Amino acid sequence: VVRSVANVEGSLDEDALQDLVETVLRLNDQWYRAYFHLGFMDVLVPSRSLQFDRPEDNDQRRGWYFAGVMAGLARSHAVERLIDLLESHYKDLERCAMSQSGSGAALARVGFRFLIEAGQLNEALLVLRAQLGRVGLALGRDALGAATEFIRDGKYESAKAITDILGPQRIPEQESKDRKDDVERYFLEVERRRGQCLQAAGDFDNAEKAFKKLLDAGEDKSSPDLLA
């Protein structure tokens, strides 16, 4: 899709691209993820428009389509189109975010940071809360990065709203076992950011508790700047 839109030499032209995607949909009617590519194409190809009410729609197809649309909007950084989409299809965002079939995880991977960058914090928190337990550390680190940026901008309430979700119970159990050291360091950084938010809010007792966890972890698990 991207190569076609960019007119890269040797790529499919617009008609051939649309034939390819539509053929994939017809020949694999149980491969719901194909609707991700349809949504992605509908955003990026200028001659196409969004179509949420296809005759064959069900929750899974519609969820994957929404995730593809979000990927296309994020790719083109189309903030105004995103806002229009959320106004007209907020229920689709909620359904996709809560989905356990895979489209929700895809939405989190491709859309979380774009929602943050577009100023849609509540929607980003909805996705984070619903999918952190499925996507795991990759999404957690992405969210932690967003919280860090909020803190640097003095937006402590927004940062705290994110760090409040990043609790140990939300990382998948198997990932916690397989990547134990990475997960431990990640949660130390979460405590650091959470402590900064509590300190900024004047909650010094709980801030002290958060910072004490960093000291108790020792130098082998903490970076010098984190200990400082």
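Gln 18 is found in helix 2, where helices are DSSP runs of H or I with at least four residues, numbered from the N terminus. Beyond its neighbours within four places in sequence, Gln 18 is in contact with Met 41, Val 45, Ser 47 and Arg 48. Contact means heavy atoms within 4.5 Å. At 16% relative accessibility, Gln 18 counts as buried. Buried means under 20% relative accessible area, exposed over 50%, and partly exposed in between, with a 1.4 Å probe and protein chains only.

The model is predicted; local features need pLDDT of at least 70, side-chain atom pairs count only at pLDDT 80 or more, and totals for chains, interfaces and linings use all residues. Residues are numbered from 1 along each chain as its sequence is written, and side-chain values use heavy atoms, with hydrogens and water left out.

Two packed helices are described by the angle between their axes and the distance between the axes. Axes are lines fitted to C-alpha atoms, for helices over the stretch in contact, and angles run from 0 to 180 degrees between N-to-C directions. The axes of helix 2 (residues 14-27) and helix 3 (residues 34-44) come within 9 Å. They cross at roughly 155°. Helix 2 and helix 3 are therefore roughly antiparallel to each other. Angles over 145 degrees count as roughly antiparallel, under 35 as roughly parallel, 65 to 115 as roughly perpendicular and the rest as oblique. The crossing of helix 2 with helix 3 is left-handed; that is, the near helix is turned anticlockwise from the far one by less than a right angle. From helix 2, the contact draws on Leu 17, Gln 18, Val 21, Glu 22, Val 24 and Leu 25. Helix 3 supplies Ala 34, Tyr 35, Leu 38 and Met 41. By class, this contact has 8 nonpolar, 1 polar and 1 charged residues. Ala, Val, Leu, Ile, Met, Phe, Trp, Tyr, Cys and Pro count as nonpolar, Asp, Glu, Lys and Arg as charged, and the others, Gly among them, as polar.

A second pair is formed by helix 9 (residues 137-152) and helix 12 (residues 180-200). Their axes come within 11 Å and cross at roughly 25°. Helix 9 and helix 12 are therefore roughly parallel to each other. Their crossing is left-handed. Residues of helix 9 in this contact include Gly 140 and Leu 144; those of helix 12 include Tyr 186 and Val 190. The contact divides into 7 nonpolar, 3 polar and 5 charged residues.

Leu 166 touches Gly 140, Leu 144, Tyr 186 and Val 190, among others, with neighbours within four places in sequence left aside. Leu 166 is also one of the residues with the most contacts inside the largest nonpolar core, along with Leu 107, Leu 128 and Ile 162. That core has 64 residues. A nonpolar core is a set of buried Ala, Val, Leu, Ile, Met, Phe, Trp, Tyr and Cys residues joined through side-chain atoms within 4.5 Å.

Arg 62, in helix 4 (residues 59-76), counts as buried at 16% relative accessibility. Its contacts, not counting residues up to four places away in sequence, are Phe 52, Asp 53, Asp 57, His 89, Asp 92 and Arg 95.

Two loop residues have positive phi. Asn 7, not a glycine, has phi of about 55°. Asn 7 lies between helix 1 (2-5) and helix 2 and is exposed at 65%. His 77 has phi near 50°. His 77 sits between helix 4 and helix 5 (79-88) and is partly exposed at 44%.
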